[in-house]
Amino acid sequence: MSSASKLVTNIGELSTQDLAADTPVLRDAAVVFEGERISWIGPARQAPAADEVVDAGGRAGLPGWVDSHTHLVFAGDRSAEFDARMAGQAYEAGGIAVTTEATRAASDYDLTRLLLARAAEAAAGGTTYLETKTGYGLSVEEERRHARIASTVADTVTFLGAHLVPDGADADEYTDLVCTDMLAAVRPYVQWADVFCEQGAFTTDQSRRVLQAAREAGLGLRVHGNQLGPGAGVQLAVEFGAASVDHVNHLSDDDVATLADSWSGWDDAGAGAGAPGAGTVATCLPACDLSTRAPLAPARRLLDAGVQVALASNCNPGTSYTSSMNFCVATAVLQMGLTVQEAVRAATYGGALALRVHAGEDRDGARAVGSLAVGHRADLQLLNAPSVAHLAYRPGMPLTGPVFRAGELVR
Ligand code: NIG
């Protein structure tokens with residue numbers, strides 16, 4: 001990794017997502033990287049000299065996407081299930097078993113190759129910080145194997161042994177296994193634990209046991225909640241201080257109020273990663289909502305209530321086979337009532353907040369991501385467009401230009 005300085009100048013519009021800055025959106029801007037960190041941001045005409053100069057050609061710049069919810073460790077294809085769904089069949093969690101069978105049958109080599117290809121697709125779309133999950137192993141050995149493989153590629157890994165009760169298993173016995181041997185087996189490879197708290201997956205009581213055990217193991221918590229219908233996912237996530245509850249399609253007024261309460265007293269402009277007051281992020285997954293023809297998550301209502309919102313791709317073979325954050329941002333603007341800056345914020349800073357890597361250093365000493373500020377990791381994407389509004393103004397167009405991750409050009 002180079003420690004030389006790099007000046008990226010002639011950025012037509014720079015959306016920093018740094019709410020502590022006097023001007024979060026700058027015109028005719030420049031950014032300087034020192035090694036993997038940002039050392040300066042400001043008007044291009046005032047930029048300091050650097051070892052290397054990159055001319056952005058008037059392109060818009062913004063933080064790399066932080067994709068905080070994906071399921072990329074899998075083999076097999078479920079396009080027939082998708083076809084059937086588009087012909088009217090409802091989505092059911094049972095499809096997870098189909099992928100589990102195919103994934104268990106795949107070698108380490110094949111699983112790693114598939115994961116690398118998917119991570120490369122995400123990077124090509126501007127994603128510079130990637131979370132992924134286990135959850136298609138559903139046995140001690142397979143979950144450990146998937147966690148190990150995931151940890152070689154993703155920035156952070158979530159244990160989702162509580163994704164589905166395997167065929168023929170007793171739900172309570174399987175939950176016990178998740179909370180004991182399986183958790184111990186994956187622990188060296190993961191930073192987070194998740195549970196699919198939903199009818200047809202794990203009950204409130206089983207979900208509570210998983211979250212309790214994961215907390216005792218020192219993992220950060222996240223919850224798949226309120227995806228297929230109303231349920232206890234949101235309330236449980238807030239009760240356990242989970243960093244995020246994901247899907248959130250079916251919310252009561254009480255759910256929204258509970259999420260909003262979890263953020264009361266939060267100082268948006270400068271609180272550190274470990275600062276008190278960080279609540280539970282509501283992570284909306286627009287590509288999944290479209291691909292399952294579910295009601296779109298109420299992102300506008302959540303923001304209006306004071307909830308911190310993230311947008312993520314949920315790339316997986318069942319409900320959302322895309323890692324395009326550009327698509328998620330465009331959908332959030334065009335279909336969910338967010339402004340362009342709100343959607344960009346949710347796909348950058350929001351994702352970082354949902355992974356608690358938004359400020360300071362995370363527990364592994366990595367620098368903050370999801371916003372452009374001095375000291376943060378130098379994750380910058382340039383668009384082949386003069387403003388970030390083009391992400392929604394020209395949906396579906398190939399707008400991703402040069403991408404820098406930790407100061408290095410990766411695309
Ligand atoms: O986030 N909701 C649970 N898990 C995935 C879907 C997994 C699958 O169908 O394979 C999701 O949508």
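**Exercise 1.** In which hand, left-handed or right-handed, does H4 pass H5 in this predicted model? Describe the geometry of the pair and the residues that form the contact.

*Solution.* Two packed helices are described by the angle between their axes and the distance between the axes. Begin, then, with the axes of helix H4 (residues 140–151) and helix H5 (residues 171–186), which come within 8 Å and cross at roughly 40°. Since angles under 35 degrees count as roughly parallel and 65 to 115 as roughly perpendicular, H4 is therefore oblique to H5. As for the hand, the crossing in which H4 passes H5 is right-handed.

Next, list the residues that meet: H4 contributes Val140, Glu143, Arg144 and Ala147, while H5 contributes Leu177, Asp181, Met182, Ala185 and Val186. Sorted by class, this contact of H4 with H5 holds 6 nonpolar and 3 charged residues, and no polar ones.

**Exercise 2.** Where do asparagine 10 and alanine 406 lie, and is each of them buried or partly exposed?

*Solution.* Most residues other than glycine have a negative phi. Against that background, asparagine 10, which is not a glycine, has a positive phi of about 65°, and alanine 406 likewise has a positive phi, near 50°.

Then place each residue: asparagine 10 belongs to strand E1 (residues 5–15), whereas alanine 406 sits in the loop between strand E15 (400–405) and strand E16 (408–409).

Finally, apply the neighbour count, for which burial requires 20 or more other C-beta atoms within 10 Å. Asparagine 10 has 18 C-beta neighbours inside 10 Å and so counts as partly exposed; alanine 406, with 19 other C-beta atoms within 10 Å, is partly exposed.

Key: Residues are numbered from 1 along each chain as its sequence is written. This is a predicted model: local features need pLDDT of at least 70, side-chain atom pairs count only at pLDDT 80 or more; totals for chains, interfaces and linings use all residues. Helices (H or I, at least four residues) and strands (E, at least two) are DSSP runs, numbered from the N terminus. A residue is buried if 20 or more other C-beta atoms lie within 10 Å of its own, exposed if 12 or fewer, and partly exposed in between; C-beta atoms are placed from the backbone. Axes are lines fitted to C-alpha atoms, for helices over the stretch in contact, and angles run from 0 to 180 degrees between N-to-C directions. Angles under 35 degrees count as roughly parallel, over 145 as roughly antiparallel, 65 to 115 as roughly perpendicular and the rest as oblique. A crossing is left-handed if the near helix is turned anticlockwise from the far one by less than a right angle, and right-handed if clockwise. Two residues are in contact if their C-beta atoms, placed from the backbone, lie within 7 Å. Ala, Val, Leu, Ile, Met, Phe, Trp, Tyr, Cys and Pro count as nonpolar, Asp, Glu, Lys and Arg as charged, and the others, Gly among them, as polar.
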